[in-house]
2 protein chains.
Amino acid sequence: MGGFFTGRTLAEIGRGLRSGEESATGLLARALESVDPDLNAFVTLDPEGAEAAARRADEELASGVDRGPLHGVPVAVKDIIDVAGLPTGMGSAHFHGHVAETDAICVTMLRHAGAVIVGKTGTHEFAYGGSGDVSVNGPVRNPHDRERMSGGSSSGSAVAVAAGMVPLALGTDTGGSVRIPAAFCGIAGFKPQYGAIPTGGVFPLSVSFDHVGVLAGSADDCRIAYRALTGPSGPSEPSPSPSPVPSPVDGSAPRERRVAWIEPTVIEAPVIDPDVERAVRALFPDAPSERIDLLEIRRVFRAIQDAEAYDVHAERVARAPGRYQPPTLERLEHAGRTPGWRYLRAVRERERFAREVAGLLDRYDYLALPTLPITAPKIGEIEGPFGPHVPALVSLTCPWNVLGLPALSIPAGTVHGLPVGAQLVTRPGAESLLFEAAERLRGDMAG
Amino acid sequence: MGGFFTGRTLAEIGRGLRSGEESATGLLARALESVDPDLNAFVTLDPEGAEAAARRADEELASGVDRGPLHGVPVAVKDIIDVAGLPTGMGSAHFHGHVAETDAICVTMLRHAGAVIVGKTGTHEFAYGGSGDVSVNGPVRNPHDRERMSGGSSSGSAVAVAAGMVPLALGTDTGGSVRIPAAFCGIAGFKPQYGAIPTGGVFPLSVSFDHVGVLAGSADDCRIAYRALTGPSGPSEPSPSPSPVPSPVDGSAPRERRVAWIEPTVIEAPVIDPDVERAVRALFPDAPSERIDLLEIRRVFRAIQDAEAYDVHAERVARAPGRYQPPTLERLEHAGRTPGWRYLRAVRERERFAREVAGLLDRYDYLALPTLPITAPKIGEIEGPFGPHVPALVSLTCPWNVLGLPALSIPAGTVHGLPVGAQLVTRPGAESLLFEAAERLRGDMAG
């Protein structure tokens with residue numbers, strides 16, 4: 001487990017850099033030393049490019065230019081996000097030898113924030129799957145048990161953070177692809193509201209649901225990274241609460257937030273671990289239970305994602321089907337047959353769910369539920385794209401992509417020795433409520 | 001052919017009513033006498049309801065209340081448009097015995113304009129076809145040759161006007177369903193821009209393309225009816241021309257309008273009658289030719305229509321497939337399989353075509369082309385929904401549904417003794433250009 005960055009927060013790293021105890025080039029060296037090839041987190045390392053960036057970061061700090069909390073920090077980037085001059089492989093033989101000419105917008109944001117891009121991390125092929133073990137680069141292994149899957153699709157980004165190779169990584173999340181591997185690997189993963197981080201330069205999976213997100217050791221580091229990326233005038237300020245929130249006037253703690261427990265009734269997934277639900281539920285003992293038809297939202301998710309994903313891939317499927325990993329091809333062929341009328345109905349259903357959940361978020365500050373109803377299965381155990389266990393992967397995460405809501409997965413202890421994640425969801429613009437709640441829960445768990 | 005209203009304009013009828021030579025009850029009697037059951041134009045007649053409306057119209061006129069050019073005029077309404085208290089049969093066994101509770105909005109508009117609703121006219125089943133010979137009510141016959149199809153789907157409305165049973169009828173037009181039967185039957189048919197006449201109370205076929213339109217003996221009567229329906233403050237005022245149009249300052253005729261000839265290259269329809277193209281082209285001898293990929297627009301039309309039509313019918317297909325006419329069921333089953341990704345691509349293509357045609361309509365006041373590339377085939381000759389001749393029916397009309405543009409079909413003489421139609425298309429809000437052009441062409445043809 002223990003790479004250099006394990007347990008080190010961005011704040012600690014920043015203090016070390018600014019006190020002169022540590023340097024960006026030194027941090028980069030620690031990162032590269034911490035890379036464990038057996039985990040298969042990175043598909044490309046860029047020691048030269050990173051070295052140049054780290055030297056610039058050190059020179060800037062020395063000359064008094066401070067770009068903020070990501071300045072000089074080694075960061076990993078998922079391999080469906082373009083970094084100029086590096087391969088973008090998509091985990092697919094289709095993109096063998098493909099080198100990006102231009103940085104994705106989120107990568108440019110990273111650079112402006114002073115981050116040092118260490119390399120590219122393994123992804124489920126074309127980000128089209130939540131297990132993280134289907135890729136031309138082979139499965140990404142879970143550092144808690146190397147026989148187990150990391151979860152996906154931002155598999156390598158989660159493992160690079162979880163194993164202490166870097167303190168922060170970029171991922172993408174279309175149905176849970178940041179939060180799922182974060183939960184399976186015992187770290188934090190945050191997907192902001194739809195559109196908060198631009199997707200330019202990110203290979204599309206399903207344009208209505210694609211989000212860029214961040215993975216870090218803690219919710220607080222997700223918050224710091226997200227704020228640094230989107231800037232103080234970004235979309236990260238909380239919108240006014242629909243009910244007046246009394247502010248603390250005497251230095252007391254902020255008032256208790258209203259939280260609802262969303263029952264994880266994923267009726268189609270045969271393998272649901274009740275111990276996972278119990279472990280997460282225990283963190284919200286006083287939260288009233290609410291029900292949302294998560295199963296139906298997943299159908300909405302599938303219908304829209306199918307149409308959009310096949311739209312992206314139609315020509316590749318026709319031209320070179322054999323270059324896909326077999327499960328990916330099987331999924332795509334199914335997606336290509338999903339009828340248009342189901343898409344239309346899904347778009348209407350989505351509006352209905354948006355109204356329903358907006359009503360809930362008028363009554364509650366945030367919603368809580370497990371990130372996944374299971375712990376990480378063994379690699380290869382989720383067989384094919386339509387196996388019985390597949391719905392377990394995205395059923396609790398994809399609703400918040402369908403609705404474009406901010407969603408945070410935080411470590412919530414272990415079950416049978418494997419990490420589980422608690423997921424917090426709120427209304428657009430109210431991300432700070434999630435980070436505040438996560439901080440409070442961390443205190444509860446520590447105490 | 002010759003029912004009472006053959007050759008009688010709305011203006012003449014209105015003069016007769018206002019001079020006291022004629023009455024609304026008298027006109028209604030003439031209409032009912034003119035109904036020729038062998039043509040199968042009407043599926044429901046409402047002599048009592050119409051009689052009451054006609055009497056009211058006469059009383060109003062006598063007491064000085066004049067509702068304008070449709071006051072006291074007998075009108076027929078297509079049988080997918082609700083008229084309160086009358087059956088709406090949709091040409092389908094599925095709606096056997098179904099009686100509408102409320103008037104469609106366009107019917108309420110008719111009533112406010114003083115029209116007398118004579119009855120309901122035969123439609124291609126669910127308006128889902130352009131031949132007009134697929135219906136639980138049997139084929140509607142072309143008054144020019146009773147062995148030939150009327151065209152559809154507003155079959156009965158076209159034949160009721162063409163055979164002089166009424167001077168005006170309401171139809172609907174999703175891919176040409178007003179203009180096609182108007183052209184085959186030798187009358188005028190006008191579909192305004194998308195949304196100009198509300199579709200509330202009209203059974204949907206494809207919500208993105210559904211339009212309510214009018215059928216009458218001449219373009220001028222279409223103009224009068226359309227203006228009477230939508231009122232002086234409606235969407236019928238021409239928008240400013242993108243280029244300054246010099247207005248006549250000395251009482252001379254308005255300037256010659258710029259017209260482009262759209263080449264009717266419908267490459268997938270094997271039966272195209274070059275004599276039809278020649279006959280219509282001869283009306284626009286000086287118009288430069290322009291090309292639009294009509295074939296590709298038809299694909300866009302089909303993909304969007306398929307998804308939307310099956311969305312409307314999915315439960316009926318599942319529950320009682322045998323109640324559809326076999327060609328309708330075959331079409332629906334095909335539509336239900338059309339993949340969602342094709343729908344998404346069609347939506348994008350549609351935007352591209354909208355920009356292309358908007359560019360053309362910056363350079364030209366209107367576009368001209370045949371309404372159909374053929375004259376009316378024999379009943380049953382267009383076999384099944386996917387026969388080789390099917391594309392001939394909508395290929396020249398559906399592009400203007402896809403783009404939501406005002407389109408007018410006017411009689412353009414005969415070929416081999418059967419009527420042909422010329423179609424004029426313009427930008428939203430510029431309908432008056434079409435009616436002006438039609439008037440000028442009528443003068444040319446007469447002279």
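Colleague: Strands (E, at least two residues) and helices (H or I, at least four) are taken as DSSP runs and numbered from the N terminus. On that basis, in the loop between which strands does Phe126(B) lie?

Modeller: The model is a predicted one. Phi of Phe126(B) is positive, although the residue is not a glycine, with a value near 55°. The loop that holds Phe126(B) runs between two strands of chain B, namely β3 and β4 (141-142).

Colleague: Is Phe126(A) buried or exposed?

Modeller: Phe126(A) is likewise a non-glycine residue with a positive phi, of about 55°, and lies in the loop between β3 (116-121) and β4 (141-142) of chain A. A residue counts as buried if 20 or more other C-beta atoms lie within 10 Å of its own. Because Phe126(A) has 27 other C-beta atoms within 10 Å, the residue is buried.

Colleague: Which are the edge strands of the open sheet in chain B?

Modeller: The sheet has 11 strands with mixed pairing, in the order β1-β3-β2-β6-β8-β7-β12-β13-β11-β9-β10. An edge strand here pairs on one side only, and this holds for β1 (42-45) and β10 (289-290).

Colleague: What is the bridge partner of Ala407(B) in β13(B)?

Modeller: Strands β12 (residues 407-415) and β13 (residues 418-425) of chain B run antiparallel and are joined by 7 bridges. Within β13(B), the partner of Ala407(B) is Val425(B).

Colleague: As by what kind of axis are the two copies related?

Modeller: Two copies of a chain are related by a rotation about an axis and a shift along it. Chain A is superposed on chain B by a rotation of 180° with a shift of 0.0 Å along the axis, at an RMSD of 0.0 Å. The copies are therefore related as by a two-fold rotation axis.

Colleague: Which residue of chain A has the C-alpha nearest the axis?

Modeller: The C-alpha in question lies 1.7 Å from the axis. It belongs to Gly340(A).

Technical notes:
Residues numbered from 1 in each chain as written. Chains lettered and ligands numbered in written order. Predicted model: local features only at pLDDT ≥ 70, side-chain atom pairs only at ≥ 80, totals over all residues. Pairing = 2+ DSSP bridges. Buried ≥ 20, exposed ≤ 12 C-beta atoms within 10 Å, placed from the backbone. Least-squares fit on C-alpha atoms with pLDDT ≥ 70 in both.
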